[in-house]
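Reader: I am new to this structure and would like a close look at a single part. Could you walk me through the place where the ligand sits and what is around it?

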Amino acid sequence: MVKRRPFIAGNWKMNKVTGEALAFAREFKALAPELQGADIAICAPFTCLAALAEIFRDTPVAVGAQNMFYERSGAYTGEISPDMIVDAGCSAVIIGHSERREILGETDETVRRKTRLALETGLRPIVCVGETLAVREAGRAAPHVRAQVEKALAGLDPAAMSRVTVAYEPIWAIGTGRVATAADAQEICAVVRGTIAGFAGAAAGETYILYGGSVKADNIAELLGTGDIDGALVGGASLKAAEFAELIRRAAGAA
Ligand code: PGA
């Protein structure tokens with residue numbers, strides 16, 4: 001399998017008002033010329049997407065949203081459509097993050113619909129999957145993740161798989177400091193790729209598969225050294241420009 005350029009996506013979650021986002025962006029932009037060798041995205045709150053996209057225009061830093069609705073327009077008060085995200089200057093969107101699945105009622109079916117619509121509107125979907133601690137301790141992590149991947153992606157045109165990113169994020173590792181071992185992360189990321197190969201054949205080799213859950217500068221190189229992990233979805237360690245830049249530098253060095 002071709003070892004690709006690592007893809008490092010920051011997930012700011014519900015952090016930073018526009019002034020804080022712009023302060024990050026100015027500092028990060030000054031560091032970006034040193035950050036060759038990795039694809040970079042910052043997935044920020046809706047309210048600062050346009051300002052961030054403007055400041056990162058003509059740089060290699062992509063800006064993404066953290067959610068979208070599964071229709072393009074209409075009577076859906078409070079929702080944001082993929083066209084609006086594109087209009088704000090974004091090229092990526094996180095779909096089905098475990099916090100949305102657990103706290104906000106996101107289901108495999110909404111994840112499936114959103115993923116298709118993101119692709120249709122030219123956005124790069126970052127589709128999140130991952131098991132709870134109870135599922136892992138019951139020895140069911142692999143079948144659980146396999147089912148999530150099948151429900152989200154089966155039936156897509158194999159040609160679209162190179163535009164899909166899957167982020168494997170074990171829920172027990174998110175924000176806890178308890179990172180999966182590189183071997184455990186690799187094992188499930190291989191399950192993700194094998195599942196995609198089951199319905200998309202060789203195109204599975206084109207899909208980016210990220211690991212997420214307490215990724216930091218100190219553990220990124222080991223995670224990227226395993227085979228099926230092409231990058232990371234980074235929460236806490238993406239909030240400070242210098243820390244995120246250091247993580248990316250080490251990711252690029254590990255590839
Ligand atoms: P964390 O979050 O890096 O803070 O664990 C990752 C995520 O939820 O995407």
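Author: Happy to! Around the ligand there are 13 residues, and Lys13, His97, Glu169, Gly175 and Ser214 are the closest of them; a residue is near a molecule if one of its heavy atoms lies within 4 Å of it. This is a predicted model, in which local features need pLDDT of at least 70 and side-chain atom pairs count only at pLDDT 80 or more, while totals for chains, interfaces and linings use all residues. Residues are numbered from 1 along each chain as its sequence is written, and side-chain values use heavy atoms, with hydrogens and water left out.

By type, the shell around the ligand holds four nonpolar, seven polar and two charged residues. Here Ala, Val, Leu, Ile, Met, Phe, Trp, Tyr, Cys and Pro count as nonpolar, Asp, Glu, Lys and Arg as charged, and the others, Gly among them, as polar.

Now for the polar contacts, meaning pairs of N or O atoms within 3.5 Å. The side chain of Glu169 brings an N or O atom to 2.6 Å from an oxygen atom of the ligand. Ser214 uses its backbone instead, with an N or O atom 2.8 Å from a ligand oxygen. For Asn11, a polar side-chain atom lies 3.4 Å from an oxygen atom of the ligand. Taken alone, the ligand exposes 280 Å², and the protein buries 95% of that (Shrake-Rupley method, 1.4 Å probe).

The ligand takes up the space of the second largest pocket, as more than half of its atoms lie within 2 Å of the pocket's grid points. A pocket is an open set of points on a 1 Å grid over the protein atoms alone, where a 1.4 Å probe fits, with protein on both sides within 12 Å along at least five of seven lines; lining residues have an atom within 4 Å of a point. Of its 19 lining residues, Lys13, Gly175, Val234, Gly235 and Gly236 lie nearest the centre.

Terms used: Polar contact = N/O pair within 3.5 Å; in protein donor to acceptor, adjacent residues only side chain to side chain.
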